[in-house]
Each structure stands twice: as structure tokens, then as C-alpha cells.
Amino acid sequence: MLVNFGGSQLSCSDSNHSSLILFFRGCPYKCFYCHNKELQSGESFVDIRDITKQILDNYLISEVIFSGGEAMLQPAAVEEIAKFCHLIGFKVGLETSGYNSGKLDLLMREKLIDEVFLDMKTYGEENYFKLTGVEDSWENAENVILLCKWYDIPLQIRTTVFPDYPDLESLDEIKGLVERNGLNWKKQEGRISL
């Protein structure tokens with residue numbers, strides 16, 4: 001199987017584990033502040049065996065985290081690598097915008113995802129559509145919260161905050177959603193690259 005791959009990076013700050021972040025290319029959302037714009041499109045196909053070898057060769061990790069772009073554009077690759085990770089005793093995390101939550105449901109049902117980091121960009125259907133340009137982007141984000149609750153998977157909400165975005169009303173709404181659901185919320189300071 002080939003993966004449209006954007007590279008990898010070691011991390012000690014993305015979760016509570018030493019992790020290898022796998023970046024997948026492609027994202028249907030066109031957020032103005034995307035920190036991985038170079039991964040939104042383009043092709044760089046890598047054999048999945050090269051990725052699993054990279055995981056095996058890395059002695060400093062206990063978790064693999066799928067990121068992007070949006071990893072859930074390639075759910076078959078996520079599934080295969082996640083199965084491999086569990087086979088060798090590693091945890092599996094997913095950084096996602098919520099896209100393709102239906103396929104994520106299947107991965108969670110198979111107990112292939114151990115924790116989720118949801119990029120909660122703003123609040124509400126209209127705001128999400130204005131930002132992403134994609135119908136159902138808000139619904140998908142909401143679905144991820146419901147799925148994590150249903151399957152009892154740890155979830156951290158992450159919101160990138162700029163001086164004027166999202167607006168205070170949206171931040172208050174996100175705060176309320178986090179508190180109602182007993183979630184962990186991480187606000188990240190954003191900076192638009194020039």
C-alpha cells in the first residue's frame with residue numbers, strides 16, 4: 001500500500017508519551033492559518049513498509065500519532081499502521097480536524113485509536129463553513145466528541161487562538177462545550193506565517 005506521506009517528527013510535547021508524529025498529505029479544509037499548508041495538497045507516495053520500518057527503527061518512542069494535513073483522508077493507511085503499532089505494543093493517537101468521522105468510528109470500534117486530539121477551530125456550523133469551505137465540517141467535529149465519549153477514548157480539544165480569531169463568543173461557546181463534556185482544552189497561540 002502507498003501512503004501520500006508528508007514526513008515524520010519526534011515529539012515529547014504532543015501527548016504524555018514520547019511519540020513519532022506521522023504527517024499525511026492532503027486536507028479538504030482551507031483554513032487561513034494552517035501551519036502545514038505545504039501538506040494540504042501535493043503527492044509524495046511512500047510504501048507503507050517504509051513507514052513501519054521507520055517506526056521499528058525508532059527506539060525513543062512508545063506512541064505513534066497520525067497528523068497532517070488530515071490523516072483521515074487516508075483511513076486504510078491509518079488502519080494498517082495502527083494495527084502494526086498495537087501489534088508491537090505502541091499506543092496510537094490521532095490529531096484531526098474531525099474530517100471523515102464515519103471512518104474514524106470504524107477505527108475506534110476496532111480499538112485502533114487510543115487517544116484523540118481534536119482541532120476545534122471555532123464554534124458552530126456557519127463559522128466552521130466560513131473557515132473551512134466544507135459542508136458538515138462542524139458536524140464532523142461534534143461527531144468526534146460523541147465517538148470519543150461512546151468508545152471511552154481520551155480526547156483533548158485544541159484551539160489555535162489569534163488576537164482576532166476565533167471571536168470571544170466562539171471561545172466562550174467552546175469553553176462551555178468543554179466544561180459540559182468534562183474535556184481537556186488546550187489553547188494554542190497562533191501566528192500567521194508571512
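Helix α4 (residues 125–132) and helix α5 (residues 137–151) have axes that come within 7 Å and cross at roughly 115°. Axes are lines fitted to C-alpha atoms, for helices over the stretch in contact, and angles run from 0 to 180 degrees between N-to-C directions. Helices (H or I, at least four residues) and strands (E, at least two) are DSSP runs, numbered from the N terminus. Contact (heavy atoms within 4.5 Å) involves the residues tabulated here.

| Helix | Residues in the contact |
|---|---|
| α4 | Glu125, Tyr128, Phe129, Thr132 |
| α5 | Ser137, Trp138, Ala141 |

By class, four nonpolar, two polar and one charged residues make up this contact. Ala, Val, Leu, Ile, Met, Phe, Trp, Tyr, Cys and Pro count as nonpolar, Asp, Glu, Lys and Arg as charged, and the others, Gly among them, as polar.

The model is predicted: local features need pLDDT of at least 70, side-chain atom pairs count only at pLDDT 80 or more, and totals for chains, interfaces and linings use all residues. Residues are numbered from 1 along each chain as its sequence is written, and side-chain values use heavy atoms, with hydrogens and water left out.

An open sheet of eight strands has the order β3-β1-β2-β4-β5-β6-β7-β8, with mixed pairing; two strands pair if DSSP finds at least two bridges between them. At the edges stand β3 (45–47) and β8 (184–189), each with a single partner strand, so one side of each lacks a neighbour in the sheet. From one strand to the next the twist averages 30°. Strand β1 (residues 2–11) runs antiparallel to β3 and is joined to β3 by three bridges. Opposite Val46 in β3 stands Val3.

Helix α5 also packs on the sheet, where α5 touches β6 (115–119) and β7 (155–161). The direction of α5 makes about 160° with that of β6.
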